[in-house]
Amino acid sequence: MTLEYKITDTVLPVVTINLKPGEIVYSESGGMSWMSANVEMKTHSGGGLGKMLKRKLSGESLFITDYFVNKDPGTVAFASEFPGRILAMQLEAGEQLIAQKDAFMVAEKSVDLDLHLNRKLGAGFFGGEGFIMEKISGPGLVFFEFDGDIVEMTLAKGESLRVDAGHIAMFEPSVQYDVKMVKGVSNILFGGEGLFLATLRGPGKVWLQTMPMIKLAGKILPFFPTKS
């Protein structure tokens with residue numbers, strides 16, 4: 001049974017899912033934007049205390065909510081929280097993706113959402129939010145929300161890409177992720193990229209986002225009024 005959906009690609013995109021009896025999708029509690037009157041909701045822990053704490057660490061809510069219909073078809077919609085893109089991914093059984101914190105939007109009930117800790121020393125100490133990520137496992141259809149536009153790249157075995165950590169949206173588990181110090185004193189002092197850059201090493205696919213929320217917030221912050 002294939003889940004029917006439509007992604008409206010605007011500045012603030014929304015995915016509308018058409019549910020038939022027997023189909024169930026879930027999201028973090030409070031993630032739904034609107035739904036038809038016949039759609040039922042069931043909020044629960046999603047696997048007990050351990051799962052709840054893992055979701056909280058990965059930027060999601062403690063509880064999750066299931067959405068389903070009992071008789072006639074219905075619709076449920078999930079809108080992006082930030083200007084960007086909604087990406088739909090159909091995962092096979094055992095297939096996994098590693099995504100940034102709070103990237104998970106909604107998925108079929110068969111999809112598993114878990115915490116992913118990067119055990120690399122550099123990523124742990126200097127990677128910021130890149131140290132704690134989300135691991136999503138198939139089978140099933142899952143939707144992600146990312147900041148700005150999305151650039152997809154495929155890295156060959158041994159091929160490396162250096163990235164400002166905030167631009168990393170998602171990657172396949174075969175891709176190695178670490179954070180290393182920028183070389184050169186002048187680059188560190190005047191380069192404007194900070195002390196560290198993330199390194200992604202293939203093989204595997206990576207998805208990069210063009211407008212990280214943390215960078216946008218940094219640009220807007222100077223315009224906020226301050227107390228005199």
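Start by selecting Asp-66 and everything in contact with it, where contact means heavy atoms within 4.5 Å. Leaving out residues up to four places away in sequence, Asp-66 touches Ile-24, Val-25, Tyr-26, Glu-40, Met-41, Lys-42, His-44 and Lys-109.

A quick word before going on. What you have open is a predicted model, in which local features need pLDDT of at least 70 and side-chain atom pairs count only at pLDDT 80 or more, while totals for chains, interfaces and linings use all residues. Numbering runs from 1 along each chain as its sequence is written, and side-chain values use heavy atoms, with hydrogens and water left out.

Show the side chains and you'll find a polar contact of 3.0 Å between them. (A polar contact is a pair of N or O atoms within 3.5 Å; within protein, one must be able to donate a hydrogen and the other to accept it, and residues adjacent in sequence count only if both atoms are side-chain atoms.)

Is Asp-66 buried or exposed? Asp-66 counts as buried because its relative accessibility is 7%; buried means under 20% relative accessible area, exposed over 50%, and partly exposed in between, using a 1.4 Å probe and protein chains only. Strands here are DSSP runs of E with at least two residues, numbered from the N terminus.

Step along to Tyr-67, also in strand 6. Tyr-67 has a relative accessible area of 1%, so Tyr-67 is buried. Not counting residues up to four places away in sequence, its contacts include Leu-19, Met-32, Met-35, Val-76 and Phe-78. Glu-23 is another one of them; Tyr-67 and Glu-23 sit 44 residues apart in sequence and 8.5 Å apart, C-alpha to C-alpha.

Which order do the strands take? Six strands form an open, antiparallel sheet in the order 5-6-3-10-13-8. Strand 5 (40–44) and strand 8 (84–91) are the edges, each pairing on one side only; two strands pair if DSSP finds at least two bridges between them. From one strand to the next, the twist averages 20°, with axes being lines fitted to C-alpha atoms and angles running from 0 to 180 degrees between N-to-C directions. Inside this sheet, pick strand 10 and strand 13, an antiparallel pair with 3 bridges. Phe-104 has Phe-144 in strand 13 as its bridge partner.

Next, select strand 16 (residues 168–171). Strand 9 (residues 96–99) pairs with strand 16 in the antiparallel sense over 2 bridges, and Ile-98 stands opposite Phe-171. Strand 16 also pairs with strand 19 (residues 204–209), antiparallel over 3 bridges; look for Ile-168 and its bridge partner Leu-208.

The last stops are about backbone geometry. Most residues other than glycine have a negative phi, and most peptide bonds are trans. Go to Asp-102, in the loop between strand 9 and strand 10 (104–108): phi is near 65°, a positive value in a residue other than glycine. At 28% relative accessibility, Asp-102 is partly exposed.

Then jump to Pro-139, in the loop between strand 12 (132–137) and strand 13 (140–147). A cis peptide bond joins Gly-138 to Pro-139, with omega about 15°. Finish at Pro-203, in the loop between strand 18 (196–201) and strand 19, where the bond from Gly-202 is cis with omega near 20°.

Definitions and conventions: Helix = DSSP H or I, 4+ residues; strand = E, 2+ residues; numbered from the N terminus.
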